[in-house]
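Q: I have a structure open and would like to go through it with you. Could we begin with its pockets?

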Amino acid sequence: MECRPDCGACCIAPSISSPIPGMPNGKPANTPCVQLDERQRCKIFTSPLRPNVCAGLQPSAEMCGANRTEATTWLLTLEALTAP
């Protein structure tokens, strides 16, 4: 499955504890990553600077749903269920 254009849910909804260029302490949940461009695409998608956790998150029908709202809801629910 390929990423939905203009979505970015996976770069907004989950928290990321590892450093991201421009966000040395990672990012909290429901916060846009500074690496998102104006089309909600990752600017460092093919870069070795991209965190492993980001590279490991692959689009799927379950996660992405039918639209950006469903993807965000699913990811925020997962975030809440796995929060410490």
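Q: Which element gives the most to the lining of the largest pocket?
A: In this predicted model, that element is α3, with five residues in the lining.

Q: What is the volume of the largest pocket?
A: Its volume is about 670 Å³. The lining has 37 residues, and those closest to the centre of the pocket are Cys10, Cys11, Arg50, Cys54 and Leu57.

Q: How do the lining residues divide into nonpolar, polar and charged?
A: There are 25 nonpolar residues, together with six polar and six charged ones.

Q: Let us turn to Arg50. Where does Arg50 lie, and is it buried or exposed?
A: Arg50 belongs to the segment before α1, and it is buried. Arg50 has no salt bridge, as Asp37, the nearest side chain of opposite charge, is 12 Å away.

Q: What does the side chain of Arg50 reach, then?
A: It reaches the backbone oxygen of Cys54, at 3.1 Å.

Q: Which backbone oxygens lie by its side chain?
A: One is the backbone oxygen of Pro14, which the side chain of Lys27 reaches at 2.7 Å. Another is that of Ile12, 2.8 Å from a polar atom of the Lys27 side chain.

Definitions and conventions
Residues are numbered from 1 along each chain as its sequence is written. This is a predicted model: local features need pLDDT of at least 70, side-chain atom pairs count only at pLDDT 80 or more; totals for chains, interfaces and linings use all residues. Side-chain values use heavy atoms; hydrogens and water are left out. On a 1 Å grid over the protein atoms alone, a cavity is a set of points where a 1.4 Å probe fits but cannot get out, and a pocket is an open set with protein on both sides within 12 Å along at least five of seven lines; lining residues have an atom within 4 Å of a point. Grid points are joined across faces, edges and corners, and a volume is the space filled by probe spheres set on the points. Helices (H or I, at least four residues) and strands (E, at least two) are DSSP runs, numbered from the N terminus. Ala, Val, Leu, Ile, Met, Phe, Trp, Tyr, Cys and Pro count as nonpolar, Asp, Glu, Lys and Arg as charged, and the others, Gly among them, as polar. A polar contact is a pair of N or O atoms within 3.5 Å; within protein, one must be able to donate a hydrogen and the other to accept it, and residues adjacent in sequence count only if both atoms are side-chain atoms. Buried means under 20% relative accessible area, exposed over 50%, partly exposed in between (1.4 Å probe, protein chains only). Lys and Arg count as positive and Asp and Glu as negative; His and the chain ends are not counted. A salt bridge is a side-chain nitrogen of Lys or Arg within 4 Å of a carboxyl oxygen of Asp or Glu.
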